[in-house]
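Look over the sequence and the model below before reading on.

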Amino acid sequence: MKLYIKEKRFSWRDQLIVRNEQDELVYKIKNELISIGNKVHIYDHNEQEILAIEEKKMGFSPKYAIYQKQEKLATVKRENNFFASDYEIEKLNWKIKGNVEEEDYEIKAGFSEIASFKKKWFSYGDSYVLDVKEESDAQLALGIVIAIWCLQIDEQQEK
């Protein structure tokens, strides 16, 4: 299942839209403008919230928790080491492999690919493709991609 993510306005923090392979609107991603810590909500095509992603500032590295109906599904955080940055997904046996900074990576469970994420080149505005192997993993994979994006933007703002 391929999901196509595209900016709707000038900044992805305003709103993203997600379409399927038939070019049908599947999800809208909106940033909460007034909140303590960054909060992002993912809505289905009926405007029902399916995931909430909330920044948790604990310790030296920020992390983002992914919730579905008040239940925490996962937490994504960035671990800096001497060689590179790693993204850790807590509460799941999933890992990030590839080049996150170049927007070309995979979400894996062991040796099995859950999803791949790539920037779509030669398109109007920034566009991305999230290719999810099992439809049942699509929402959570999308939530993880958005949490990673939030971590990247937080890091850019700190510089």
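By class, how many nonpolar, polar and charged residues are in the lining of the largest cavity? The model is a predicted one, and a search of the whole structure finds 1 cavity of 30 Å³ or more. Its volume is about 30 Å³. The residues that line the cavity are V100, E103, Y105, F117, V145, I148, W149 and Q152. Sorted by class, 6 of them are nonpolar, 1 is polar and 1 is charged.

Helix α1, which covers residues 138–158, gives the largest share of this lining, with 4 residues. Q152 has its place in helix α1. Is Q152 buried or exposed? Q152 counts as buried because its relative accessibility is 13%, and buried means under 20%. Leaving aside residues up to four places away in sequence, Q152 touches Y87, V100 and E101.

Next come the strands. Strand β9 (residues 95–99) pairs with strand β10 (residues 104–109) in the antiparallel sense, over 5 bridges. In this pair, K97 stands opposite E106 in β10. The two strands form a hairpin with 4 residues between them. E103, in the turn of that hairpin, has a positive phi of about 55 degrees, and E103 is also one of the residues lining the cavity.

β10 also runs antiparallel to strand β11 (residues 112–120), and 6 bridges join the two. Here Y105 stands opposite F117 in β11; both Y105 and F117 are among the lining residues of the cavity. β10 and β11 form a hairpin with 2 residues between them. In its turn, G110 has a positive phi of about 65 degrees.

Terms used:
Residues numbered from 1 in each chain as written. Predicted model: local features only at pLDDT ≥ 70, side-chain atom pairs only at ≥ 80, totals over all residues. Heavy atoms only, no water. 1 Å grid on protein atoms, 1.4 Å probe; cavity = no way out; pocket = protein on both sides within 12 Å on 5 of 7 lines; lining within 4 Å. Points joined across faces, edges and corners; volume = space filled by probe spheres on them. Nonpolar A, V, L, I, M, F, W, Y, C, P; charged D, E, K, R; others polar. Buried < 20%, exposed > 50% of the residue type's maximum accessible area, 1.4 Å probe, protein only. Contact = heavy atoms within 4.5 Å. Pairing = 2+ DSSP bridges.
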